[in-house]
Amino acid sequence: MAQQLLMPKATAVWLVDNTALSFDQIATFCKLHPLEVKAIADGESAQGIKGLDPISTGQLSREEIARAEGNPNHKLKLSEPKVRVPESKRKGPRYTPVSKRQDRPNAILWLVRNHPELKDAQISRLVGTTKSTIEQIRDRTHWNSTNLTPMDPVTLGLCSQIDLDLEVERASKGRPLPTAAELGATLEAAQETEKLPYSTDREDEKEIDADAVFAKLKSLKSSTPDDDEDDRF
């Protein structure tokens, strides 16, 4: 039976606050996305979660943490657990807590708009919904479609960023690469720009007429004494 980390997000909160581990090390150990760990460090996520000390629960040792702090490439390893938790084998749609079920339509709308390549089965796995609900939101026949607001399911806590990235990667396999027209205007290749003629700003400047400049200065000079004489009276 594989070892499983208890309360990974709470453990990540504690590791961010009490260690010098990198985001990647914490993300790998807690099975989170590095951006989720960065959001925890910035105070944008897990604000109401109290950190769980993995040393007191026997999941990590101080020596293991110190070893990882000294070597950024070292991956944290779970200590022999005091309590073994059986690996859950989930079948069917993901279970969604009652408090978050009202956010599922908003998450489905976000997925439909931002990741149209996802299939209904994939969306169902991510947020724990039914195919009929997805179809209603796609067709705008949902009973609350006028009040729906697209919201990121990761932000809502309905799925992890790793699960979302995995489903998007699966859906993107085999798709043709986007054309230049789909991508929009792009920079030209370096080989093409090197062939363009080089010109400086000095070449484009017009030649200055020296006689006209000196004539203007002489006219200004001659007008100055007259102005002085007017000031005397």
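1. The largest nonpolar core of this predicted model has 20 residues, of which Ile 108, Leu 111, Leu 118, Ile 123, Leu 126, Val 127 and Leu 164 touch the most other members. Such a core is a set of buried Ala, Val, Leu, Ile, Met, Phe, Trp, Tyr and Cys residues joined through side-chain atoms within 4.5 Å; buried means under 20% relative accessible area with a 1.4 Å probe, counting protein chains only. At least two residues of this core come from each of α5 (104-114), α6, α7 (131-138), α8 (153-156) and α9, and α5 gives the most, with 6 residues.

2. Leu 111 is in contact (heavy atoms within 4.5 Å) with Pro 116, Leu 118, Ile 123, Leu 126, Val 127, Pro 153 and Leu 164, its neighbours within four places in sequence being left aside. Another core, of 19 residues, lies apart from the largest one and includes Leu 15, Val 16, Val 37 and Ile 65.

3. Helix α6 (residues 120-127) packs with helix α9 (residues 161-172) at an angle of about 175°, the axes being 10 Å apart. Axes are lines fitted to C-alpha atoms over the stretch in contact, and angles run from 0 to 180 degrees between N-to-C directions. The two helices are therefore roughly antiparallel, a term for angles over 145 degrees. On the α6 side the contact is made by Gln 122, Arg 125 and Leu 126, and on the α9 side by Asp 163, Leu 164, Glu 167, Arg 170 and Ala 171. By class, this contact has 3 nonpolar, 1 polar and 4 charged residues.

4. Helix α2 (residues 23-30) has Gln 25, Ile 26, Ala 27, Phe 29 and Cys 30 as its buried residues. These pack against α1 (8-18), α3 (34-41) and α4 (62-70). Just after α2, Lys 31 takes a positive phi of about 60°.

5. Overall, the protein has 13 helices and 0 strands, helices being DSSP runs (H or I) of at least four residues and strands (E) of at least two. Of its 233 residues, 30% count as buried. Among contacts with a separation of 6 or more, 66% join residues 24 or more positions apart. The protein exposes about 17,100 Å², of which carbon and sulfur atoms supply 52%; the area comes from the Shrake-Rupley method with a 1.4 Å probe.

6. On the basis of the values: residues are numbered from 1 along each chain as its sequence is written, and side-chain values use heavy atoms, without hydrogens and water. Local features need pLDDT of at least 70 and side-chain atom pairs count only at pLDDT 80 or more, whereas totals for chains, interfaces and linings use all residues.

Key
Parallel < 35°, antiparallel > 145°, perpendicular 65-115°, else oblique. Nonpolar A, V, L, I, M, F, W, Y, C, P; charged D, E, K, R; others polar. Buried < 20%, exposed > 50% of the residue type's maximum accessible area, 1.4 Å probe, protein only.
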